[in-house]
Amino acid sequence: MLPLPNQIVTYSPAYTLVPTYECFNKCTYCNFRSDIGSHPWMTLEQAEKILLSLKGQGICEILILSGEVHPLSSRRQEWLDLIYDLCLLALSMGFLPHTNAGILSFSEMQRLKNVNASMGLMLEQLNPKLLHTVHRHAPSKIPELRLQHLQWAGELQIPFTTGLLLGIGENEDDRRQTLMAIADLHLKYQNIQEVILQPHSPGSQQTFDEVAFDPYQLPQVIAQAREILPSDITIQIPPNLVPEENWLLACLDAGARDLGGIGPRDEVNPDYPHREVNRLREVLLSAGWTLLPRLPVYQRTHSVLGAMAFS
Ligand SMILES: O=c1nc2n(C[C@H](O)[C@H](O)[C@H](O)CO)c3cc(O)ccc3cc-2c(=O)[nH]1
Ligand SMILES: C[C@H]1O[C@@H](n2cnc3c(N)ncnc32)[C@H](O)[C@@H]1O
Ligand code: SF4
């Protein structure tokens with residue numbers, strides 16, 4: 001029997017390519033960044049080898065996730081060219097790229113739009129007080145810059161992923177403000193596909209000395225987001241950051257319907273490996289949910305067959 005649409009939970013079979021871990025920002029919760037000049041950038045030859053090895057594994061999305069090169073750096077153009085070429089290569093080999101390379105200019109986004117199925121940038125949290133704490137050395141996290149980026153994505157009609165990082169010093173009202181800003185942008189431009197609710201999860205590299213966002217609070221935040229966000233925005237949660245199966249199910253009950261990109265390594269949170277997809281499928285099925293793969297660009301269809309076309 002076909003599952004009813006409201007029993008479907010999706011994920012994107014994905015692999016992450018990292019053009020560079022170098023980043024001129026220092027978010028204190030980051031386990032990803034490295035200092036400028038400390039490592040060589042990825043080459044197209046390396047990428048091609050990796051992509052060749054992924055063929056026939058059911059992977060569709062290539063997530064291009066990058067550290068950020070300063071807008072005034074002499075290597076900015078080279079960095080953008082590398083990201084563009086990685087996307088083009090992935091496309092030519094039958095994959096669909098989704099780029100999240102931090103803050104971009106309008107013309108950089110316009111260029112990358114041509115080679116991406118969808119793109120993304122987390123709003124994190126809009127309250128500027130965080131510029132004195134976790135984002136003190138992270139000029140890319142200035143709230144106005146992130147909002148401007150999302151507005152440009154709307155103007156350019158790029159299918160978009162954004163989201164909130166939870167547990168970095170915000171309160172419930174801060175979260176409401178950030179969710180309302182996303183809702184406003186979507187009502188204006190209709191281009192936001194999904195909102196990630198990402199619980200801060202400490203890793204071995206970070207300097208931010210704070211415990212993980214309490215996963216038991218996640219269902220409550222999801223319910224709050226579900227109330228504020230338009231119904232055609234899907235709420236995504238990363239299953240590897242919700243270790244307890246019952247709480248993962250509680251997140252679905254609260255309104256989450258997507259588990260994001262699942263691949264061999266979560267580059268942002270390498271200390272939190274994913275469960276096997278088959279295990280996830282079993283856990284979900286035990287509570288009546290059907291887990292189905294999806295593309296990095298959503299099909300705006302309400303038919304079950306549409307949703308199942310890629311299973
Ligand atoms: O595996 C991950 N995928 C991340 N993704 C990819 C996401 O899970 C989905 O695969 C894509 O959004 C495509 O729908 C992000 C995408 C964004 O646009 C913005 C932030 C993230 C963050 C992560 C992440 O921390 N880990
Ligand atoms: C790519 C996205 O990953 C998120 N991110 C960065 N560091 C962490 C962490 N320790 N825990 C959870 N999410 C994190 C941020 O929201 C960033 O925008
Ligand atoms: S979270 Fe992104 S912007 Fe912040 S330091 Fe890490 S790579 Fe740079």
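**Close-up 1. Surroundings of ligand 2 in the predicted model.** In this predicted model, ligand 2 is surrounded by 13 residues, and the closest of them are Tyr29, Glu124, Gln198, Ser201 and Asn269. Sorted by class, the shell around ligand 2 consists of 5 nonpolar, 7 polar and 1 charged residues.

**Close-up 2. Polar contacts and cover of ligand 2.** Gln198 places a polar side-chain atom 3.1 Å from a nitrogen atom of ligand 2, while Ser201 approaches through its backbone, with an N or O atom 3.1 Å from a nitrogen atom of the ligand. For Asn269, an N or O atom in the side chain is 3.1 Å from a nitrogen atom of ligand 2. Of the 410 Å² of accessible area that ligand 2 has on its own, the protein covers 90%.

Close-up 3. The residues around ligand 3 are Cys23, Asn25, Cys27, Cys30, Phe32, Arg33, Glu68 and Lys141. When this shell is divided by class, 4 of its residues are nonpolar, 1 is polar and 3 are charged.

**Close-up 4. Crossing of helices α6 and α7.** Helix α6, formed by residues 218-228, and helix α7, formed by residues 245-254, have axes that come within 8 Å and cross at roughly 15 degrees. Because angles under 35 degrees count as roughly parallel, α6 is described as roughly parallel to α7. The crossing of α6 and α7 is right-handed.

Definitions and conventions:
Residues are numbered from 1 along each chain as its sequence is written. Chains are lettered from A and ligands numbered from 1 in the order in which they are written. This is a predicted model: local features need pLDDT of at least 70, side-chain atom pairs count only at pLDDT 80 or more; totals for chains, interfaces and linings use all residues. Side-chain values use heavy atoms; hydrogens and water are left out. A residue is near a molecule or strand if one of its heavy atoms lies within 4 Å of it. Ala, Val, Leu, Ile, Met, Phe, Trp, Tyr, Cys and Pro count as nonpolar, Asp, Glu, Lys and Arg as charged, and the others, Gly among them, as polar. A polar contact is a pair of N or O atoms within 3.5 Å; within protein, one must be able to donate a hydrogen and the other to accept it, and residues adjacent in sequence count only if both atoms are side-chain atoms. Accessible areas come from the Shrake-Rupley method with a 1.4 Å probe; for residues, only the protein chains shown count as cover. Axes are lines fitted to C-alpha atoms, for helices over the stretch in contact, and angles run from 0 to 180 degrees between N-to-C directions. Helices (H or I, at least four residues) and strands (E, at least two) are DSSP runs, numbered from the N terminus. Angles under 35 degrees count as roughly parallel, over 145 as roughly antiparallel, 65 to 115 as roughly perpendicular and the rest as oblique. A crossing is left-handed if the near helix is turned anticlockwise from the far one by less than a right angle, and right-handed if clockwise.
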